[in-house]
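Let's take a walk through this protein together, one piece at a time. Have the picture open and follow along.

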Amino acid sequence: MDVRKIKTKVTAGFKMRGLILRPEASRYLVEVLESVNSSELEDVIEKVLDAVEKQPLSSSMVDLSVVEVAVQDCTQSCDETIDNVFNIIGAFDVPRYIYSVERKKFVPLSMTNHPTPSVCGRSRDKAELFRERYTILQQRTHRHELFTPPAIGAVVEEGQNKFQLKTIEALLGSTAKLGEVIVLGMITQLKEGKFYLEDLSGTVQLDMSKFHNGLYTESCFVLAEGWYEDSVFHVNGFGFPPTEPSSATRAYYGNLNFFGGPSTTSVKASAKLKQLEEENEDAMFIFVSDVWLDSVEVMEKINLMFSGYAAMPPTCFIFCGNFSSVPYGKSQIKSLKESLKGLADLICSHPNIHSSSRFVFVPGPEDPGPGTILPRPPLAEHITEEFRQRVPFSVFTTNPCRIQYCSQEIVIMREDLVNKMCRNCVRLPNNNLDIPNHFVKTILSQGHLTPLPLYVSPVFWAYDYSLRVYPVPDVIVFADKYDPFNISSSDCLCINPGSFPRSGFKFKVYYPSNRSVEDSKLQGL
């Protein structure tokens, strides 16, 4: 292909993104692109541009070194696919992306002026935590069909109403009565017994005499509809910000790897991984919560489970805490070490499972560790060292944690959230049987695992982003002591295996090839 034509296309492509190539960078890129077919040229240039924009650029002038890195990124073959089949991602390893309101896209932390996250957060981190939750929900709501303004000259169909979001600042600046207003804001209780709605621009008192059914907790974001008069917002109805499936988010933001893991782009874009996932029909994940290793009965049932699966070992056993039935006391660490030794003996007595299955341990709220602040680090190495030597395919990870299997994204959380959310909701739903559905709807609409006040569910401020569930993953496992449930919503499967000893030894089995869940129970034999 003619060099001049390639150079023209390259220069035009960079200009469209507001970038200028230095002469030596332009010459290098033209040389690389000479071997590309003319039909594929534009797609390849787009890929190079995306790779350039991922890097922290100090100005609009693009140097040779930046282009070399971008080309290297694009030419990496799919050899890395094998490394990306199964990965366990701790909460502290999740990549951080920050939504840029000006650029209307997510940018990596390295391209912003935000400091590197630290467990000992600063006051700015606490404010930023709520700001980021708000801006993510705001951009998602603005893109929803109900809130996008009709195109100029387009005919609006009858009965198809379009809504416009107002800010609290717009309400407070009005002296007249405002009717039929919709505001996106966070429910807070600034004075005892008095609820307020808060956004980036201010706060307004709420009159909630009318109320929609749902699990609306303090510190969760809502769309409040009503009228404003005399400094009070009278609510006619509450709704959650609309959820969107992962495919819709990725269609808008491309193949950014929000989830984490070694892959440079989202594993959703890999046809090879998708094919591997569908072909491996024997793959299965076992989820068990409250594995009390000091309980004789629980250990007997775990042994029974291993015996049952010995002929066909599962891909992975995910054991969630608490790992002791008696959580406190000076001998807790010593007894936990002994209990893990007993579990290692059990696993070693089933050679098939020992050699073929992986074991993931997610700590519970009452396991030894630095208190109840999330995300919670793994069990201390001195407790698990002997176990890891005897069972090499074991991983002690954080709470919450993430598992990427082929093209699927799985989030696992061990926390008794349902009770906490019911205790801290503004008004409990009328029908208790619907609580699991309300719970799942609240979590997915908030795009966050703990939409609760920080004094109820403390979070390391700078690591709040690791609790996000946006874009929505394929599976979320809530290892909660509440009754077991399986609920599918927004292309996301939400599972609660329930407490193993308290629910009559129930657990869940997940088959990734057809995305189905099997309710399982160990009967007394």
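Find strand β17, residues 408-414, and strand β18, residues 475-479: the two run parallel and are joined by five bridges. A quick word on the labels: strands (E, at least two residues) and helices (H or I, at least four residues) are DSSP runs, numbered from the N terminus. Two strands count as paired if DSSP finds at least two bridges between them. The model is a predicted one, in which local features need pLDDT of at least 70 and side-chain atom pairs count only at pLDDT 80 or more, while totals for chains, interfaces and linings use all residues. Residues are numbered from 1 along each chain as its sequence is written, and side-chain values use heavy atoms, with hydrogens and water left out.

Now zoom out a bit. β17 and β18 belong to an open sheet of six strands, in the order β3-β16-β17-β18-β20-β19, with mixed pairing. At the edges stand β3 (86-90) and β19 (485-489); each has a single partner strand, so one side of each is left without a neighbour in the sheet. From one strand to the next, the twist averages 15 degrees. In general, strands of a sheet pair through backbone hydrogen bonds, either parallel or antiparallel.

For the antiparallel kind, head to β7 (residues 178-191) and β8 (residues 194-199), which pair that way over four bridges. Here T188 stands opposite Y196 in β8. The two strands make a hairpin with two residues between them, and G193 in the turn has a positive phi of about 80 degrees. Then the chain does another hairpin: two residues link β8 to β9. β8 and β9 (residues 202-207) are antiparallel too, with four bridges, and in β9 the bridge partner of Y196 is Q205.

Time for a helix. Which residues of α7 (residues 246-253) are buried, meaning under 20% relative accessible area, where exposed means over 50% and partly exposed is in between (1.4 Å probe, protein chains only)? They are S246, T249, R250 and Y253. Looking down the axis of α7, you'd see these buried residues fall within an arc of 95 degrees (taken from the directions from the helix axis to the C-beta atoms), so they line one face of the helix. An α-helix has 3.6 residues a turn, so residues three or four places apart point the same way. On the face of α7 turned away from the buried side, you'll find the exposed residues S247 and A251. Just after α7, G254 takes a positive phi of about 80 degrees.

Let's visit β4, where I98 is found. I98 is buried, with a relative accessible area of 6%. Not counting residues up to four places away in sequence, I98 touches K105, F106, V107, L109, T112, H114 and E132. N84 is 14 residues from I98 along the chain, and their C-alpha atoms are separated by 25 Å.

Last stop: α3 (residues 41-54) and α4 (residues 64-75). The contact between α3 and α4 is made by K47, V48, A51 and V52 of α3 and V66, A70, D73 and C74 of α4.

Technical notes
Axes are lines fitted to C-alpha atoms, for helices over the stretch in contact, and angles run from 0 to 180 degrees between N-to-C directions. Contact means heavy atoms within 4.5 Å.
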